[in-house]
Amino acid sequence: MASAGLSGVFGPATFCAVTGGSRGLGRSIAVQLAGRLGEGSRLVLTGRSLQGLQETKRQVEEKSRNQLEVKLVTGDMEDTTAYPALFFDILADVQPGAFKNALIIHNAGTLGDLRKKAAEHSDAEILNKYYATNLTSVIALTAKFMQVFSGSAVRRTVVNISSAAAIEPLVHNSLYCSGKAARNMFFKVLAEEEPDVRVLSYSPGPLDTEMLRTVRSCGDKQVEDRFNAMESKGMILSPDDSAKHLLTLLEQDKFKSGAFLDVFDRFSL
Amino acid sequence: MASPESAQNTSVLGKPTFCVITGASRGLGRSLAVELSGSLGEGSRLVLTARSLSGLEQTQALVNKTSVSVKVVSGDLEDSDSYHNLFQGIFSDITPGVFQHALLIHNASSLGDVTKRVVEHRDAVVLQKYYTTNVTSTITLTARFLQIFPSCDVTRTVVNITSSAGFTPIKTNSLYCSGKAARDMVFKVLAEESPEVRVLSFSPGAMDTEMFEYYRTHVGDPEVRTLLCRLAEDGKLLKPEFSAQKLVQILEENSYKSGAVLDALGRFEH
């Protein structure tokens, strides 16, 4: 386990925000971080469900040893008009010099309507909301994060929770695939522009979460077969294991900024 | 993989074709209209759409109307509330059975604010508008197009005008790069889901157009600007007519793998 004092990424005085922290991978990441964030750190968790966030906080506090400050911010990334207030809350009270590290993990994400093929996506409002939640919010929040933690005094890390869907066209997943493809490319541009920022797109693999259960019950046989095959190969991970792998990658700090890495090393792009 | 249309005597373009080109008021869109008008079969209809009605009318004047009737419909893809009316205008007066081929070319596109680095993209409303214009519009227009021309008697072709920016990160181009990446992926999924539809993403290369000129003079990153200026100075910019001809050639040959991303100069194929 990383010693808080040695870790450059999670050491003392680390600000860390995790979106979608109310369940699934977001919760696992938060709990794994709890054991590693050093003294004087702050963990901000966002999500739509206050109840979910509170449960995550409970698990985090059980695990943390440095009286970690945990802040909860409820909000819906679908609503762009709510961003200024939401982002203000996430990044509030950051005093200059208070933090040595700043880390943001864009984990919140939605699948979109998996019953629809691309040819059936005729409602522009639904599509606009989809890209607001999965793309626009991520960009605007990253911009705000970079603004609040500007300059070279703070070591900055930005993580994009991505998916193999970013590079593999999957039936019924035109929105999910395109949103992830867009995010990956966006973060590659960020990495080009800001060489001082550590940028990582991480494919966590198929995880045993509510999101996966939704995918598996979408009614498409091809999709069902694919996940059944993965299950029989032992490829469906616990989110805790995937979260641990992510934090190991961040701690080892060997990745090329902007890289897209997979939990199973199925690709490294 | 979709099997190519059995060409026999008439290439797919030579059939009576209903063809929509977005962003047809200038640049590549205009060139595509002109090139296609010379290739489309007797009884074809070309529907041109863009924001600028005067630009569309100029394109209309240049188009070869021997075999093709031309209709212009102005509208703004940034305004998704107006899509219903815009699509109605595009797809009006279609008598069933008249067209044997339907071709939709998503050419309209915007660069976004290329003066800005990621850290400066703080206005969510601006970002939303960007993805509405460049991604959402193409999905909903495609859905409507495929609804209007169901598969039975009509061959359908959908073209996504893209860019190497879809897979090459370029500084101050976070919006353009991510938008193209999203589009390319949407069309790959479409190709997987609908094997009876011919789907092609086509990268026309850097061309001598107003869009390029705007890009060259406004791009925020000095290295990128130098590169673009050099392209222009060295005479390496393609003429939009050239890129349009390349696309028409590819469509006529009709042997591309559905969902592929092809380059005008053959520099890559995804």
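**Close-up views of aromatic rings**

**View 1. A:Phe99 and A:Phe149 are both buried.** Buried means under 20% relative accessible area, exposed over 50% and partly exposed in between, with a 1.4 Å probe and protein chains only. This is a predicted model, where local features need pLDDT of at least 70, side-chain atom pairs count only at pLDDT 80 or more, and totals for chains, interfaces and linings use all residues. Residues are numbered from 1 along each chain as its sequence is written, chains are lettered from A and ligands numbered from 1 in the order in which they are written, and side-chain values use heavy atoms, leaving out hydrogens and water.

**View 2. B:Phe91 and B:Phe145 make a tilted pair, with ring centres 6.4 Å apart and planes at 40°.** Rings of Phe, Tyr and Trp (its six-membered ring) pair if their centres lie within 6.5 Å; planes under 30 degrees apart count as stacked, over 60 as edge-to-face and the rest as tilted. B:Phe91 is buried, at 7% relative accessible area, and B:Phe145 is buried too, at 0%.

**View 3. Meet an aromatic cluster in chain B.** Its members are B:Phe18, B:Phe91, B:Phe99, B:Phe145 and B:Phe149. Across the whole structure, a search over all chains finds 17 aromatic pairs.

**View 4. A:Arg198 lies over the face of A:Phe255, 4.0 Å from the ring centre.** A charge sits over a ring if NZ of Lys or CZ of Arg is within 6 Å of the ring centre and within 35 degrees of the ring normal.

**View 5. In chain B, look for B:Arg198 over the face of B:Tyr256.** Here the distance to the ring centre is 4.1 Å.
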